[in-house]
Amino acid sequence: MQYKLSEISGILGCAYFGNDVVINHIFVDSRNRIDKSETALFVAIKGERHDGHNYIEELYAKGIRNFIVNKDYRVENIVEGNIIAVENTLRAIQDIAANYRDTFSFPVLGITGSNGKTCVKEWIYQIFRDIKTVSRSPKSYNSQIGAPLSILMTDSASELGIFEAGISLPGEMKRLEKILHPDIGIFTNIGDAHQENFTDIEQKIGEKLQLFERSKLLIYCSDYCDIHQAVSKSKHTYSTFTWGYGDESNLTVLSKTNVRNKTLVKIRLNNSVLRDNIENEAEFEIPFSDSASIENAMHCIAFALSEGLDINLLKLNIANITPVAMRLELKEGINKCTIINDSYNSDLNSLTIALNFLDGLTQHKKKTLILSDIMQSESDRKKLYLQVSKLLQSRGITRFIGIGEALERNSEYFIANSNIPDCKFYRDTDKFLLHCNKANFNNEAVLLKGGRQFRFERISRLLEIQVHQTVLEINMNAIVNNLNYFRSKLNDGVKLMAMVKASSYGHGSAEIAALLQYHRVDYLAVAYADEGVNLREAGITMPVVVLNTEPDNFDIMIEYLLEPEIYSLNSLITFLKTASGMGVNNYPLHIKVDTGMHRLGFIENDLPELCNILKNRQEVKIASVFSHLAASDELRHDEFTVSQIEKFKRFCKSLEKETGYSFIKHILNSAGIERFPEAQFDMARLGIGLYGVATEENSKYLANVGTLSSAIVQIKQIDEGETIGYGRHGVAITPKTIATVPIGYADGLNRKLGNGKGYFVVNGKSAPIIGNICMDACMIDITGIDAKEGDRVIIMGGAISVSEIANAIGTIPYEVLTSISQRVKRVYISD
């Protein structure tokens, strides 16, 4: 993509101010590193929860000079900026993308549906990548912002473009159609996702079909009767190519045979709209056996046939499609390393996204990139690797390891890059593993970015800490979703403090803190000073409040710029002495007020002496005053909660009057944000809600964050009358099949869940815990469940909520989460 600013202003029908510079990169996320600031254009999107205009001055200070802003934005401080002012910045980037899309000379495939969009896109890419140059939307970029960004990332010299389109509201698809304008369409299926925003399923299908208004061909499964009827009734100009299990389809699936986790599918072409050189019947081997994968593969086969792909080549390529792991995993590595495994594919766009994620990790100064060959035609590879080398120049990569013949042949581009001091190249993954010395990886972040065929999972296993099979998988996207949900409940200008104490409620402190810092939370809060020190040493620079302060640690807190909660006269006097001795001025304090919780905090009777001590003291300044609601989640205590809020107001009013200045005030926790919006003051504190523990009211909005899982290590047949476990409490009243799972009370599995009180999920079915829970293992009853050794077992998350487990043992979700021991490996995933 390359436009002059005057050309962009012409597309948008408005004037520009400044120089008529050439633009070759458009971005909307101010946190992403920009390699060529002089040719980059920032579009300030104003949404429900974020406003890009708030970061323009920050970007300007970093060298960005080109902006698209809303007309009401005041630009006085952007004295050397090149600016286009528009009515709506989101519409502006969509219009630019639509204009760029119209320049494509290659066919564009648009994919929509409730499920399977990303999988179908990636599999079609796998089928065609060695045949032609294919551009595709990265990951799940299918929204009102993601779709135009995908188009703007597309190489105009491509031979095929594949893009997803997803909607959640009526009216959205019409805008996506203008942007994507697909020549060919695939409608994967229809389901319940976002159904609450549509009057009925017919309306939602009609909205999705708008994507294909200018298409020439639509591919879909005619067995989805609602889709088939809607297409038949619609006034469309495109041809249709249907597949299904009945003779009325253009392509009929005659039979499916499962053979060792693969499926042999026999098809017949009927009254086909396809080219004449395709045989009527054929058999394909699909390397999956589940129904969703078969459906996705059939969409791919139908598209490939519509493109006239040689049937034998299609058979070969469809047999070699690989699972689509559309997520990035962050794991604890050997020698204090952090491993980022994003090795499901390798292309320039997804590499840029992964490098942006790497930028957000603050705990390591050293950063290593292990990259495989990027699959592209030989003639384009020199240009490609020159681009990759330039992309890495400003990324702080301290070591580059290239794996693959093409990278080895183009190694001079990386060796000549003085910003990467250490470059090594290997012909293939086997050669790297043969020469790899694990001791050379120490206290660094290691990004693995490779195509599936390079099997970088072997490198991941080599470099990650090897622990037992029980894993707590933490979904970073779910945390962001929950953060944004609670942010949407806050008034404009209200700040947010996020609780990361107790290792972020068991989810891991540094990783969660880095994510929250990246998403511009205003404050973090920890319980003790050592937690705060760990965050600082992990590279967290944002304000951190220590809630349970201890006088012996005041000097350490000042040394590490940690802000103390002061809850008593004695703690205040002691801190003043420490601050005076260390020569600090205006050090931020957070005054805790006891309005009825009766745990820690000043009471109203302390006010006169508190004000007297603070008068004329230069060492400290009050940053915030806060209190803790005792029962904000319980309706029966609402009157008491209101009384707490009133006490807090009085205390703050008196303190502001005596000190002569204002400060941040906050009293709401997660439940309070939803139930007492009138008490938002200047800031709110987000704790358990951030980690996905939902109430009946918000359960459809909050996403599950942590999934605790393990694996079956042994299966046994138990005769009637035999017993299971310590104390022989598990009795087989009838013959049973039991499975042993390597998780016990030393891992945080409460013993009260034993003897049938708790259950796990195995292959979608409930398996009660039988007998007492042991220290390192437990047994479950899998009688009647089709399971084998090695199968994954869900212990918590998804079908088994934290709240359900807490209720079963008579406790609260906080205790369940924080009890998960540190020997359970944490794996962080991000789409």
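H519 lies in the loop that runs between α19 (509-518) and β25 (523-526). The model is a predicted one. Is H519 buried or exposed? Its relative accessibility is 12%, and because buried means under 20%, H519 counts as buried. Which residues does H519 touch, apart from its neighbours within four places in sequence? They are R31, V480, L483 and R487.

Next, consider helix α22, which covers residues 569-581. Helix α22 has 13 residues, and the distance from its first C-alpha to its last is 18 Å. That is close to the 18 Å expected at 1.5 Å a residue. Just after α22 comes G583, whose phi is positive, at about 70°.

Some residues of α22 are buried: L569, S571, L572, F575, L576, T578 and A579. An α-helix has 3.6 residues a turn, so residues three or four places apart point the same way. The list of buried residues in α22 can be read with this in mind; among them are L569, L572, F575 and L576. What do the buried residues of α22 pack against? Their partners include two helices, α21 (554-559) and α23 (607-614). The strands β27 (563-566), β28 (587-593) and β29 (620-627) are also packed against them.

The pairing of α22 with α23 can be followed in more detail. The axes of these two helices come within 11 Å and cross at roughly 5°. Angles under 35 degrees count as roughly parallel, so α22 is roughly parallel to α23. On the α22 side, the residues that meet α23 are L569, L572, I573 and L576. On the α23 side, they are E609, L610, I613 and L614. Sorted by class, this contact has seven nonpolar residues, no polar ones and one charged one.

A second pair of helices lies elsewhere in the chain: α7 (residues 201-209) and α8 (residues 225-233). The axes of α7 and α8 come within 10 Å, and they cross at roughly 60°.

By class, the contact of α7 with α8 has six nonpolar residues, no polar ones and two charged ones.

Methods
Residues numbered from 1 in each chain as written. Predicted model: local features only at pLDDT ≥ 70, side-chain atom pairs only at ≥ 80, totals over all residues. Heavy atoms only, no water. Helix = DSSP H or I, 4+ residues; strand = E, 2+ residues; numbered from the N terminus. Expected span 1.5 Å × (residues − 1). Buried < 20%, exposed > 50% of the residue type's maximum accessible area, 1.4 Å probe, protein only. Contact = heavy atoms within 4.5 Å. Axes fitted to C-alpha atoms, helices over the stretch in contact; angles between N-to-C directions. Parallel < 35°, antiparallel > 145°, perpendicular 65-115°, else oblique. Nonpolar A, V, L, I, M, F, W, Y, C, P; charged D, E, K, R; others polar.
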